[in-house]
Amino acid sequence: MSAANLHLDLTAPEVVRKISQRSLVVGIVFAVISGAVAFVRPDEFYRAYLLGFMCWLGVALGSMAILMIRHLTGGGWGTVIRRILGAAMRTLPLLALLFIPIIVAGLQHRIYPWAMPLDSIQDSRIREHLEKHSFVRSYLNLSGFAFRAFIYFAIWNLLSFLLSKWSKQTDSPNAPDNSQRFKAVSGPGLILYALTISFAAIDWVMSLDPSWISTIFGLIILIGEVLSAMCFAVVVERILFNYKPMSEMLKPDFVHDHGKWMLTFIMVWAYFSFSQWLIIWAGNLPSEITFYLKRLSGGWGSVALVLVVFGFAAPFATLLSRPFKRDIRKLVWLAVWVILMRYVDLFWIIEPNFSKTFTVTTADIVVPIAIGGIWLWYFFGNLASLPLIPAYDQDAHEVLQPEHHIHSQGTP
């Protein structure tokens, strides 16, 4: 039966616009507070800004990656959250704009040692490394840093534009079958995503300590992003589950699949993180162990233990339960917790570069919330602009019930 013969209002519920407006208010309030922090303690502001930016960028890029996986594999699990993933992906233009303060941080010599004059670098080990290996600065310089960021965002936004353009076409009657187009872009797109985020992770995070190198670091950031994105999709679908049409489309089987994806991504994240530690331990090279020496002393070891127990072991054990994975009302709480653990993980990766002892500043809280409020305003605005399901897509029948007749935006 074609989608045109089905009956269901697919427009986003009014609560989506309300959340968008409230998110903007929160974003503005915390942005004002963040501005005051930036004026008083600029160094703390910029490193907290990098932390918050990487958290929300991860949701957007991870959503794009999961969307491309869905186009390659198919399945109702992806169809029901396809517009949620697409709305998150379409925040990339905003994130490109929000990247500007990170370039400013480099210009002002705030967080990146390689951007500072050698005599102003306080860490003698980093200073000696940059003096000894001049080729590092031939790659890590402000012009190259900004140019590569432009390339990354250009590729990500191009992928987002193509996937969004073809998806919008499926909201109209007699929509073309774009399944082959989606597959043609998604295959190479996943490869491009893996390459670009790996280099971006080196430029934006790993270069905070240019004397340390890990070949698996980009994959750790990548898997963290797709994990964040899947958890975020679960949170949003739980909000929408209180309203039509999501209450009629979100089946326990789909929720179960989302829980299985969460379990998979948690296991892969743990595997990559352990592999990095194991390789460095086996190599026993002083230049490599500095990463863990910083993060296992001065109270940072307790954060690492929290990540092991509450970022992996507890979610892993919980997600082994089949009934738990099939109940959106229960799964959402674990999704929120895992998102919090993703913040803690990035905090543990970034902050020890600046503080020898475990410290949480005001900026570490208010700046990510400010970025998040603005990001969520843009995200929910995107979500409200299109029907929650591409009604005339070839795979819409996997979610829509046969007894329904469509009344979505832009349709009769």
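Colleague: What does the side chain of Thr-196 make a polar contact with?
Modeller: The side chain of Trp-156, at 2.7 Å. Keep in mind that this is a predicted model.

Colleague: OK. And where is Thr-196 found?
Modeller: In helix α10, which covers residues 179–204.

Colleague: Is Thr-196 buried or exposed?
Modeller: Thr-196 has 7% relative accessibility, and the cut-off for buried is under 20%, so Thr-196 counts as buried.

Colleague: Which residues does Thr-196 touch, leaving out those up to four places away in sequence?
Modeller: Tyr-152, Ile-155 and Trp-156.

Colleague: Switching to rings. How many aromatic pairs does the count come to?
Modeller: The count is 37 aromatic pairs. One of them joins Trp-156 and Trp-204 edge-to-face, with 6.1 Å centre to centre and 85 degrees between the planes.

Colleague: What does that pair tie together?
Modeller: Parts that are 48 residues apart in sequence, because Trp-156 lies in helix α9 (residues 142–169) and Trp-204 in helix α10.

Colleague: Are those two buried or exposed?
Modeller: Trp-156 counts as buried, at 0% relative accessibility. Trp-204 is buried too, with a relative accessible area of 0%.

Colleague: Which residues form the aromatic cluster with Trp-156 and Trp-204?
Modeller: Phe-53, Phe-99, Tyr-112, Trp-114, Phe-145, Tyr-152 and Phe-153 form one cluster with them.

Colleague: Last topic, charges over rings. Where does the charged end of Arg-148 sit?
Modeller: Over the ring of Tyr-139, 3.8 Å from the ring centre.

Colleague: And the charged end of Arg-295, which ring does that sit over?
Modeller: That of Phe-291, with the charged end 3.9 Å from the ring centre.

Technical notes:
Residues numbered from 1 in each chain as written. Predicted model: local features only at pLDDT ≥ 70, side-chain atom pairs only at ≥ 80, totals over all residues. Heavy atoms only, no water. Helix = DSSP H or I, 4+ residues; strand = E, 2+ residues; numbered from the N terminus. Buried < 20%, exposed > 50% of the residue type's maximum accessible area, 1.4 Å probe, protein only. Polar contact = N/O pair within 3.5 Å; in protein donor to acceptor, adjacent residues only side chain to side chain. Contact = heavy atoms within 4.5 Å. Phe/Tyr/Trp six-rings, centres within 6.5 Å; stacked < 30°, edge-to-face > 60°. Lys NZ or Arg CZ within 6 Å of the ring centre and 35° of its normal.
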